[in-house]
Amino acid sequence: MVVLEGEKTLIAGKKQRSFKELGPLVALMSLAIFTTVLNPRFLTAFNLQALGRQIAIFGLLAIGETFVIISGGGAIDLSPGSVVALTGVMVAWLMTHGVSVWISLFLILLFSLGIGAWHGVFVTKLKVPAFIITLGTLTIARGMAAVITRGWPVINLPGSFLKIGQADFLKIPVPVWILIGVTLIADFFLRKTVYGKHLRASGGNEIAARFSGVNVDAVRTIAFMVSGFLAGLVGVIVAARLSQGQPGVGSMYELYAIASTVIGGTSLTGGEGSVLGAIIGASIISLLWNALVLLNVSTYWHNVVIGIVIVVAVTLDIVRRRFVSK
């Protein structure tokens with residue numbers, strides 16, 4: 001009987017998860033149809049490739065943010081945008097100073113993991129609120145990017161490096177292939193591994209998770225390391241896409257990552273969320289940007305529209321949780 005009850009709970013959970021992702025998916029398809037009707041240029045190969053590259057950037061950041069937010073305890077990462085700028089500048093600086101492409105990539109991704117570990121230690125061992133420590137990193141990383149470059153972009157990057165952000169394979173941009181690979185790996189870890197179960201348990205009920213033997217501190221630190229690693233990866237992709245290390249890139253990326261995560265169904269209180277939902281949320285944010293450009297909406301209105309979407313998504317999440325708790 002216990003097994004049957006467990007199976008019923010698992011099936012109910014899957015149905016609830018599918019329902020949560022269905023709403024954003026319908027919104028995404030509706031937005032795509034609406035944009036196509038108003039401007040058929042939306043379906044041109046050039047526009048779809050540009051859109052795919054943007055989805056890859058926001059999608060990778062959203063996956064990392066999803067891991068952090070699911071871990072619960074008020075965890076959130078405000079640093080991805082600045083880490084994108086810093087790592088993009090650093091990888092460009094290394095290559096222009098004689099370091100090979102592969103070693104530069106290895107060092108930058110290792111550095112990005114270190115940023116995530118830094119956040120994890122401060123949050124779990126020193127009990128510094130995640131909001132504070134990641135906000136500090138946001139400022140430090142942005143400042144370091146400016147110090148390294150003195151405000152000027154780092155140019156003359158190797159052609160082999162630029163392929164990461166500009167080349168296509170089977171007419172699909174390389175960043176999209178990277179996103180597909182990361183999505184499959186992240187989804188597997190989140191749904192099929194012990195770590196994924198511990199991550200949800202830590203976010204759902206931290207005290208119960210600790211009594212069950214879950215090392216919540218380690219689980220949460222790894223979540224921050226995933227976010228840091230993916231922010232560094234996006235920094236590499238953006239530098240390759242722009243053909244330069246640009247200290248000014250990544251502004252407000254952290255906001256779009258959080259928005260993508262919440263729109264995709266991840267609860268800000270932790271314990272709930274999915275990689276698929278994060279990708280759908282990132283697609284909605286990217287498509288919204290793309291639609292505003294195609295429809296010749298003034299750039300002054302872009303942040304206003306995105307902000308309204310974020311407020312609506314967070315409000316719906318709060319209302320939904322209240323409805324479920326009744």
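Strands, at least two residues each, are DSSP runs marked E and numbered from the N terminus. I keep that beside me for the loop entry below. The model I am reading is predicted.

**Entry: confidence**

I checked confidence before anything else. The protein chain has a mean pLDDT of 89. In it, 92% of the residues reach 70 or more. Helix H1, residues 2-38, has the lowest confidence, at a mean of 67. H10 has the highest, at 97. I then looked at residues 1-13, where the pLDDT is below 50. Beyond near neighbours in sequence, that stretch makes zero contacts in the model.

**Entry: two loop residues**

I looked up Leu 170. It sits in the loop between strand E1 (168-169) and strand E2 (172-173). Its phi is positive, about 60°, although Leu 170 is not a glycine. Is Leu 170 buried or exposed? Its relative accessibility is 61%, so it counts as exposed.

Next I turned to Asn 296. This residue lies in the loop between helix H12 (275-294) and helix H13 (299-325). Asn 296 also has a positive phi of about 60° and is not a glycine. Its relative accessible area is 66%, so I noted Asn 296 as exposed.

**Entry: H4 against H10**

I followed helix H4 (residues 101-124) to helix H10 (residues 216-242). They pack at an angle of about 145°. Their axes are 7 Å apart. The crossing of H4 past H10 is right-handed. Among the H4 residues that meet H10 are Leu 105, Ile 108, Leu 109 and Gly 116. On the H10 side I noted several, including Arg 220, Phe 224, Gly 228 and Leu 233. By class, this contact has 12 nonpolar, eight polar and two charged residues.

Which residues does Leu 113 touch, leaving aside its neighbours within four places in sequence? I found Met 225 and Phe 229. Leu 113 and Met 225 are 112 residues apart along the chain, yet their C-alpha atoms are separated by 5.1 Å. Leu 113 has 28% relative accessibility, so it counts as partly exposed.

**Entry: the cores**

In soluble globular proteins, nonpolar side chains tend to be buried together. I looked for such groups here. The largest nonpolar core has 74 residues. Phe 58, Phe 67 and Ile 285 are among those with the most contacts inside it. H10 gives the most to this core, with 12 residues.

I traced Phe 67. Leaving aside neighbours within four places in sequence, its contacts include Ala 186, Leu 199, Ala 223 and Val 275.

Definitions and conventions. Residues numbered from 1 in each chain as written. Predicted model: local features only at pLDDT ≥ 70, side-chain atom pairs only at ≥ 80, totals over all residues. Heavy atoms only, no water. Axes fitted to C-alpha atoms, helices over the stretch in contact; angles between N-to-C directions. Helix = DSSP H or I, 4+ residues; strand = E, 2+ residues; numbered from the N terminus. Left-handed = near helix turned anticlockwise from the far one by under 90°. Contact = heavy atoms within 4.5 Å. Nonpolar A, V, L, I, M, F, W, Y, C, P; charged D, E, K, R; others polar. Core = buried A, V, L, I, M, F, W, Y, C linked by side-chain atoms within 4.5 Å. Buried < 20%, exposed > 50% of the residue type's maximum accessible area, 1.4 Å probe, protein only. pLDDT = per-residue confidence, 0-100.
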